[in-house]
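Work through the exercises below with the sequence and the model open. Try each task before reading its solution.

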Amino acid sequence: MTADEFAALLNIAKLSPEDKAIATQRIVWRMELIEIGVEHNMDRSTVSRRLHRVILPELERMRRKQNMATAR
């Protein structure tokens, strides 16, 4: 996935601004979870949990939705 494709997914995803920032920091900038946590006043485990339970599933759902729309 290119950076432009990722940015488009983030724009249409139903995520909070904070979750979008976390996604960008982890996926694009490859920041460590602890660094992201410090910036957002969260534990590393909280950042990890949000990534795996909220952010990544929503991005995957949006990716599938886009693929279905382009396949028609």
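A contact means heavy atoms within 4.5 Å. The model is predicted: local features need pLDDT of at least 70, side-chain atom pairs count only at pLDDT 80 or more, and totals for chains, interfaces and linings use all residues. Residues are numbered from 1 along each chain as its sequence is written, and side-chain values use heavy atoms, with hydrogens and water left out.

**Exercise 1. The whole chain**

Task: Describe the secondary structure, the extent and the contacts of the protein chain.

Solution. 
Step 1. Start with the helices and strands. These are DSSP runs, numbered from the N terminus: H or I of at least four residues for helices, E of at least two for strands. The protein chain has four helices and zero strands. Its pattern along the sequence is α-α-α-α.

Step 2. Take the extent. The C-alpha trace spans about 45 × 20 × 15 Å along its principal axes.

Step 3. Turn to burial. Buried means under 20% relative accessible area, exposed over 50%, and partly exposed in between (1.4 Å probe, protein chains only). Of the 72 residues, 31% count as buried.

Step 4. Accessible areas come from the Shrake-Rupley method with a 1.4 Å probe; for residues, only the protein chains shown count as cover. The protein chain exposes about 5,000 Å². Carbon and sulfur atoms supply 52% of that area.

Step 5. Finish with contacts. Consider those with a separation of 6 or more: 50% of them come from residues 24 or more positions apart.

**Exercise 2. Helix 2**

Task: Which residues of helix 2 are buried, and what do the buried residues pack against?

Solution. 
Step 1. Locate the helix. Helix 2 covers residues 17-28. It has 12 residues and reaches 16 Å from its first C-alpha to its last. That is close to the 16 Å expected at 1.5 Å a residue; the expected span is 1.5 Å times one less than the number of residues.

Step 2. List the buried positions. They are Asp19, Ile22, Ala23 and Gln25.

Step 3. Find the partners. The buried residues of helix 2 pack against helix 1 (3-12), helix 3 and helix 4.

**Exercise 3. Positive phi**

Task: Where do Arg30 and Asn41 lie, and are they buried or exposed?

Solution. 
Step 1. Recall the background. Most residues other than glycine have a negative phi.

Step 2. Check Arg30. Its phi is positive, about 55°, although Arg30 is not a glycine. Arg30 follows helix 2 and lies in the loop between helix 2 and helix 3 (33-40). Arg30 is exposed, because its relative accessible area is 67%.

Step 3. Check Asn41. Its phi is also positive, near 55°. Asn41 sits in the loop between helix 3 and helix 4 (44-71). At 74% relative accessibility, Asn41 is exposed.

**Exercise 4. Salt bridges**

Task: How many salt bridges does the whole structure contain?

Solution. 
Step 1. Apply the criterion. A salt bridge is a side-chain nitrogen of Lys or Arg within 4 Å of a carboxyl oxygen of Asp or Glu. The search finds five.

Step 2. Take Arg50. Arg50 lies in helix 4 and Glu18 in helix 2, so the pair ties together parts that are 32 residues apart in sequence. Arg50 is partly exposed at 21%, and Glu18 is partly exposed at 30%.

Step 3. Take Glu60. Arg64 and Glu60 are four residues apart in helix 4, so about one helical turn separates them.

Step 4. Join the network. Salt bridges that share partners link Glu18, Asp19 and Arg50 into one network.

Step 5. Explain the helical spacing. An α-helix has 3.6 residues a turn, so residues three or four places apart point the same way.

Step 6. Check accessibility. Glu60 is partly exposed at 28%, Arg63 at 31% and Arg64 at 46%.

**Exercise 5. A nonpolar patch**

Task: Which residues make the nonpolar surface patch?

Solution. 
Step 1. Set the rule. Patches are made of residues with over 30% relative accessible area and no salt bridge; like charges are joined within 9 Å, nonpolar side chains (Val, Leu, Ile, Met, Phe, Trp, Tyr) within 5 Å.

Step 2. Name the members. Ile27, Val28, Trp29 and Leu56 make a patch of about 370 Å².

Step 3. Check one member. Val28 lies in helix 2. Val28 counts as partly exposed because its relative accessibility is 43%.
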